[in-house]
Amino acid sequence: MTLEEKVLEIIVEQLEVTKEECVPEAFFIDDLGADSLDLAELLLEMEDTFDVEISTEELKKIRKIQDVIDFLKARNVTWD
Amino acid sequence: MKRRVVITGMGAVTPLGNSVAETWAGICAGRSGIGPITKFDASDFETRIAGELQNFDPIAYVGKKELRRLDPFILYCLASAEMAAADAELTLKDSQAHRAGVVIGSAIGGLTTLEKQKEILLRSGPRKISPFTVPSVLSNLGAGNVSIRFGARGPIGCPVTACASGTTALGDAFRLIASGYADVVFAGGADAAITPMAVAGFTAMGALSRRNDEPRKASRPFDLDRDGFVIGEGCGILILEELDGARARGARIHGEILGYGTTGDAFHLAVPPPGHEGAVRCMQAALQDAGIGPSDVDYVNAHGTSTPLNDRYEVEAIKTVFGTSAGRLLVSSTKSMTGHLLGATGGVEAILTAKALESGIIPPTINLETPDSGFDLDFVPLSARKSDIRIAMSNTFGFGGVNATIILAKYFE
């Protein structure tokens, strides 16, 4: 499983959306029906899964799926 | 002029079953819902028994996302409210939504979540706390979630009156409808507090039975050998409606609420005063509110916790209120079968009282083998009994000296 696939798996599970909805440019709040609490919970799950820390400042910048993938790649996170 | 208030729907999850029908079948059979604690490792605890729900599957009522985020007490509320609304065949139209309320009491709220998140806080630090901690812990979120689920836009309430919470909620709902402020209210109580903290806390007070070797015999209200209450969990929700509205939509009517009383002891944190003067005034206030006298009441669903003091003083209070008519009164404690469901108890016991009125079957007090000295009322010992009753009373009392009594009647046009 690639990093992108693992990220999508978590989003599908946490937000109860379909894989098809999870295009990289999908916004969590506008496109995937999340609210601010959903997003906070989702990013907690990302932190635990990938063993990274997302600061409050960084958290504010994460608005769509690609933002998560970019963030993780910038931290050299890999998944196999 | 007070408007008449009727019960049109009932839903419950209890240690005897995950519906009103299953619970009532257990009551009629005189079955105990008490067993060993499985929710956590209780091997170091002096009390290791409780009334837990069996095989409750919340997925029938909520999605996976909600399941992860909602404390069990809220899941019990949603399940019970769904069953009550289905029973009432009630769907709120937009035009009536602002006249529909939700009043669901809880003694302790989301203690399970609080204890779990506290562990995360200590182990991993404040950043790792779930954003759903606070909305799971707050006691009024049972009512809040039910309001959101059903689109009820009228008053929302959550009386927190310890073990009287469910009855206080029903009383508040009754008054909202009787006074004309609301037309329909989801009302009852919920608690899910079989947790290490609650069991340890009640144990520290000396409140719980330690009859670990015989769980099914541990809750024995009014019996000489009673040694404390058995903690239970669950929820009971009733749909209360204004009579004319209920009739206009052709609703099936389970029973009527006639009156409500509530008083304070102003005496002690956890102990009632001898003779339980507060409970006497409470029952009298409910009778007055209902416009009836003591001799009109056929059955009392007692608070009957199985603690030494509650049972003694409740019996004394009942004798004071009912006087010469106490001799023909039926009195039973369904806690002998369900255990003590804390804030849920008023909701569940109002449902059982309504079922008794509807069916003519009086719930027994099981495990009542040797009544304590001076306990000479008809406690319907050991097995259920047929009796065509018309008016019944349900008592609940809580720590802090709060008393609540509601009076129900078989429905007659």
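I started with contact range in chain A: of its contacts (C-beta atoms, placed from the backbone, within 7 Å) with a separation of 6 or more, 53% join residues 24 or more positions apart. This is a predicted model, so I kept in mind that local features need pLDDT of at least 70 and side-chain atom pairs pLDDT 80 or more, while totals for chains, interfaces and linings use all residues. Residues count from 1 along each chain as its sequence is written, and chains are lettered from A and ligands numbered from 1 in the order written.

Next, the fold of chain A. I found 4 helices and 0 strands (DSSP runs numbered from the N terminus: helices are H or I, at least four residues; strands are E, at least two). The radius of gyration, over C-alpha atoms, is 11 Å, close to the 12 Å of the globule rule (2.2 Å times the number of residues to the power 0.38) for 80 residues, so chain A is as compact as a globular protein of that length. Buried residues make up 20% of the 80 (buried means 20 or more other C-beta atoms within 10 Å of a residue's own, with C-beta atoms placed from the backbone).

Then I checked chain B against chain A: 7 residues of chain B contact 5 of chain A.

Last, strand β4 of chain B, residues 100-105. All 6 of its 6 residues are buried, so the strand is largely enclosed by the rest of the structure. I looked up its partners (pairing takes at least two DSSP bridges): β4(B) runs parallel to β6(B) over 6 bridges, with B:Ala100 opposite B:Val184. It also pairs in the parallel sense with β5(B) over 2 bridges, where B:Val103 faces B:Gly157.

Definitions and conventions. A residue is buried if 20 or more other C-beta atoms lie within 10 Å of its own, exposed if 12 or fewer, and partly exposed in between; C-beta atoms are placed from the backbone. Two residues are in contact if their C-beta atoms, placed from the backbone, lie within 7 Å.
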